[in-house]
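Subject: Structure for you to look at

Dear colleague,

Here is the structure I said I would pass on. My notes follow it.

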Amino acid sequence: MISIILPTYNNGDKLSKMINSIRKQSFSHWELIIVNDGSNDNTEEICQYYCHLDNRVHYIYQKNMGVSSARNKGILVARGEYITFVDGDDYIDSNYLKELFCAIENADIAVCDKINENKGKVTHLISDGKQILNQTQALNELLGRKNINTGPCAKLFRTRIIKELQFPHLKCYEDILFVRDAFCRSKNIAITNRTAYHYVVNDLSAMSSIKKEGLLDITIATEDIVSFLSKREDLNPECFYITMSHLMQYATEAVIDRTELGNQLI
């Protein structure tokens, strides 16, 4: 069985699109664990509706503690041999679970394509086709920001690989730290381009506030990654430069945003 972990906070009516895309999966042996992270809109009503509609849907409410806490809760209660993560604003192809399940047969983690959708503009993060990567190869692609997206979505994990892991309690970059640690526990990572995860950019999402609120967390995460890279001589030096360039990019944008805000207040 595949356990699908869906953290949600004030996703409201957008939540139905993701849940319906899960219920339309060609692979039917799944459980959906929805963790409501203290929403104050109609999220609970929608979740309860689907719980009554489909006994594979399970609902957990917690006070607002952030997406990391919600995902960690889902991992704790997951019963499946495999775990995948989805977000409430997004949706998945109807063959998503089936193709990831087929891909993971000879691996510990399976990764598929990711499609970003932003106000009608669509961009693809496309893999190099069907292949099996060893741990070093996969870490180089992850930390080098090539072909493997840095978030937990668009991936299927063997539960034994991540059951003892937790998402760090950061506002951002918690995802790449978790995925990195999962890769470090894996021997092989499978890649498939036969299905895709659809990430719908939401201007009101947590990602939109990174430049304003998350610079400290990005700095903490960057320090963690740099320390990790210093101990892994098997990894490409390019990973270090990519990591540092992302930090500088966010720092520069944060300074610009704060300067513009200060000018408006003068």
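Which residues of helix α3 (residues 67-77) are buried? They are Ser68, Ser69, Ala70, Arg71, Asn72, Gly74 and Ile75. The cover over these buried residues of α3 includes the strands β1 (2-8), β2 (30-37), β3 (57-62) and β4 (82-85), together with the helices α6 (159-162) and α7. Please keep in mind that this is a predicted model.

The chain as a whole

The chain has ten helices and ten strands. It is made of 266 residues, and 52% of them count as buried. Among contacts with a separation of 6 or more, 80% are between residues 24 or more positions apart.

Helices α1 and α2

I looked at two helix pairs. Two packed helices are described by the angle between their axes and the distance between the axes. For α1 and helix α2 (residues 43-53), the angle is about 20° and the axes lie 10 Å apart. With an angle under 35 degrees counting as roughly parallel, α1 and α2 are therefore roughly parallel to each other. Their crossing is right-handed. On the α1 side the contact involves Leu15, Ser16, Ile19, Asn20 and Arg23; on the α2 side it involves Thr43, Ile46, Cys47, Tyr50 and Leu53. Sorted by class, the residues of this contact between α1 and α2 are six nonpolar, three polar and one charged.

Isoleucine 19 sits in helix α1 (residues 15-23), and it counts as buried because its relative accessibility is 0%. Leaving aside residues up to four places away in sequence, isoleucine 19 touches Leu6, Leu32, Ile34 and Tyr50. Tyrosine 50 is 31 residues from isoleucine 19 along the chain, and the C-alpha atoms of the two are separated by 8.1 Å.

Helices α7 and α9

The other pair is helix α7 (residues 174-184) and helix α9 (residues 215-230), which pack at an angle of about 25° with their axes 10 Å apart. α7 and α9 are therefore also roughly parallel to each other. The crossing of α7 past α9 is left-handed. From α7, the residues in contact are Ile176, Leu177, Arg180 and Cys184; from α9, they are Ala221, Asp224, Ile225 and Phe228. The contact of α7 with α9 has six nonpolar residues, two charged and no polar ones.

Most residues other than glycine have a negative phi. Where do asparagine 147 and alanine 154 lie? Asparagine 147 is in the loop between α5 (135-143) and β9 (155-158), and alanine 154 is in the loop between α5 and β9 as well. Phi is positive in each of these non-glycine residues: near 70° for asparagine 147 and near 65° for alanine 154. As for accessibility, asparagine 147 counts as partly exposed because its value is 22%, whereas alanine 154, at 1%, counts as buried.

Regards

Conventions. Residues are numbered from 1 along each chain as its sequence is written. This is a predicted model: local features need pLDDT of at least 70, side-chain atom pairs count only at pLDDT 80 or more; totals for chains, interfaces and linings use all residues. Side-chain values use heavy atoms; hydrogens and water are left out. Axes are lines fitted to C-alpha atoms, for helices over the stretch in contact, and angles run from 0 to 180 degrees between N-to-C directions. Helices (H or I, at least four residues) and strands (E, at least two) are DSSP runs, numbered from the N terminus. Angles under 35 degrees count as roughly parallel, over 145 as roughly antiparallel, 65 to 115 as roughly perpendicular and the rest as oblique. A crossing is left-handed if the near helix is turned anticlockwise from the far one by less than a right angle, and right-handed if clockwise. Contact means heavy atoms within 4.5 Å. Ala, Val, Leu, Ile, Met, Phe, Trp, Tyr, Cys and Pro count as nonpolar, Asp, Glu, Lys and Arg as charged, and the others, Gly among them, as polar. Buried means under 20% relative accessible area, exposed over 50%, partly exposed in between (1.4 Å probe, protein chains only).
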